[in-house]
Amino acid sequence: MKALVTGATGFIGGNVVRALLRHGYEVRALVRAGSDRRGLEGLSLEVALGDLRDRGSLRQAMRGCEAVLHVGAAYTLWSRDPAAIYESNVGGTENLLEAAREQGVRRVVHTSSESTIAIARNGCLGSEVGDNSSDQLPGDYKKSKLIAERLARKAAESGLPVVIVNPTTPIGAGDLKPTPTGRIVVDFLRRRLPAYVETGMNFVDVEDVAEGHVLALERGKVGERYLLGHENLSLRQALQILERISGLRAPSLRLPLWLALGAAHLDERLAARLGRPPRIPLAGVKAALKTRYFDCSKAVRELGMPQTPVELAFEKAVRWFRDNGYAS
């Protein structure tokens, strides 16, 4: 079977490509002209130049493909042009779903986000049954992913064979940009984290996330969504893991969230004046106001998703960032 992967040059997308190849799929990668392809070097695949905002290029890329794994998205907590985020994440998803329908694709795996799933109250864990709302989400990235997932669910209801996956917080090797999560690891290794805030999230090995995509392709139920995650950890616990792995001391100073929020507001104003991205994205701090812990057992139970120890994922991330010059 030949599968098209969007976002193939990204952190999750590159790992999805590798997982598909390991499972014997032929892979075609949708790649924008001028994009960084280092993560695809040495892989046996076909490259199709295109853009999610160009429906014609999507039609061309899908020809001859039986499956589409839509991993591509503008993943950023801040942008000079918020409209561009919606053009890629919402308009791009709409274009892809329509092209998949026109081309008669047999299965679409849509990569959403854990942010579309509501946090459970009263000490319970969030799960696939809870829906978030736009007014509860900080930042344009998270809002755009919610709208895009709704489009995917609507397409499934109208007959397009779409399965949705919701990765939590992936960690591992090959985070080229790096992503906002990878930036935490890099800043830790560079001794740029003097303090931490009291928050928590669900972490998962990015290779398990990639395997979860393939399993969703093969075993997922149309119209269903699957949280691809593993272990719930406070940020303090994650930093302590990094301390054990790296030999560097984790920060012991806990910064009140109200103070971090104020610093983020000031930094965004300063960044706007200086014409640079903020060092403390406001959307990231707002997201930290809520601990996002999840029950990810559905993907394990129904798909057979692996659960690599999260500490091993952090080890792979630290080793890769150090070996590739990010920690100097």
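Predicted model: local features only at pLDDT ≥ 70, side-chain atom pairs only at ≥ 80, totals over all residues.
Student: At what angle do helix 2 and helix 3 pack, and what class of packing does that make?
Tutor: Helices here are DSSP runs (H or I, at least four residues), and strands are runs of E of at least two, numbered from the N terminus. Axes are lines fitted to C-alpha atoms, over the stretch in contact for helices, with angles from 0 to 180 degrees between N-to-C directions. Helix 2 (residues 55-62) and helix 3 (residues 82-103) have axes 9 Å apart and pack at about 45°. Angles under 35 degrees count as roughly parallel, over 145 as roughly antiparallel, 65 to 115 as roughly perpendicular and the rest as oblique, so helix 2 is oblique to helix 3.

Student: Which residues of helix 2 make the contact with helix 3?
Tutor: Contact means heavy atoms within 4.5 Å. From helix 3 come Gly92, Glu94, Asn95, Leu96, Glu98, Ala99, Ala100, Glu102 and Gln103. From helix 2 come Arg55, Leu58, Arg59 and Met62.

Student: How do the residues of that contact of helix 2 with helix 3 divide?
Tutor: Ala, Val, Leu, Ile, Met, Phe, Trp, Tyr, Cys and Pro count as nonpolar, Asp, Glu, Lys and Arg as charged, and the others, Gly among them, as polar. The contact of helix 2 with helix 3 has five nonpolar, three polar and five charged.

Student: Is helix 3 roughly parallel or roughly antiparallel to helix 4?
Tutor: Helix 3 and helix 4 (residues 140-157) pack at about 15°, with axes 9 Å apart. That makes helix 3 to helix 4 roughly parallel.

Student: How many of the 14 residues of helix 6 are buried?
Tutor: Buried means under 20% relative accessible area, exposed over 50%, partly exposed in between (1.4 Å probe, protein chains only). Helix 6 covers residues 206-219. Its buried residues include Asp208, Glu211 and His213. Helix 6 is mostly covered, and the buried count is 11.

Student: What relative accessible area does histidine 213 have?
Tutor: Histidine 213 lies in helix 6. Beyond four places in sequence, histidine 213 touches Ile12, Val16, Leu69, Val71, Val109, Thr111, Val165, Pro167 and Leu228. Histidine 213 is buried, at 0%.

Student: What does valine 17 contact, leaving aside neighbours within four places in sequence?
Tutor: Valine 17 lies in helix 1 (residues 11-22). Valine 17 is buried, with a relative accessible area of 0%. Its contacts are Val5, Ala8, Val27, Leu40, Leu43 and Leu45.

Student: Which elements do the buried residues of helix 11 pack against?
Tutor: The buried residues of helix 11 are Val310, Ala313, Phe314, Ala317, Val318, Trp320 and Phe321. They pack against strand 7 (169-171), helix 5 (180-189), strand 9 (200-205), strand 11 (231-234) and helix 7 (235-246).

Definitions and conventions
Residues numbered from 1 in each chain as written. Heavy atoms only, no water. Expected span 1.5 Å × (residues − 1).
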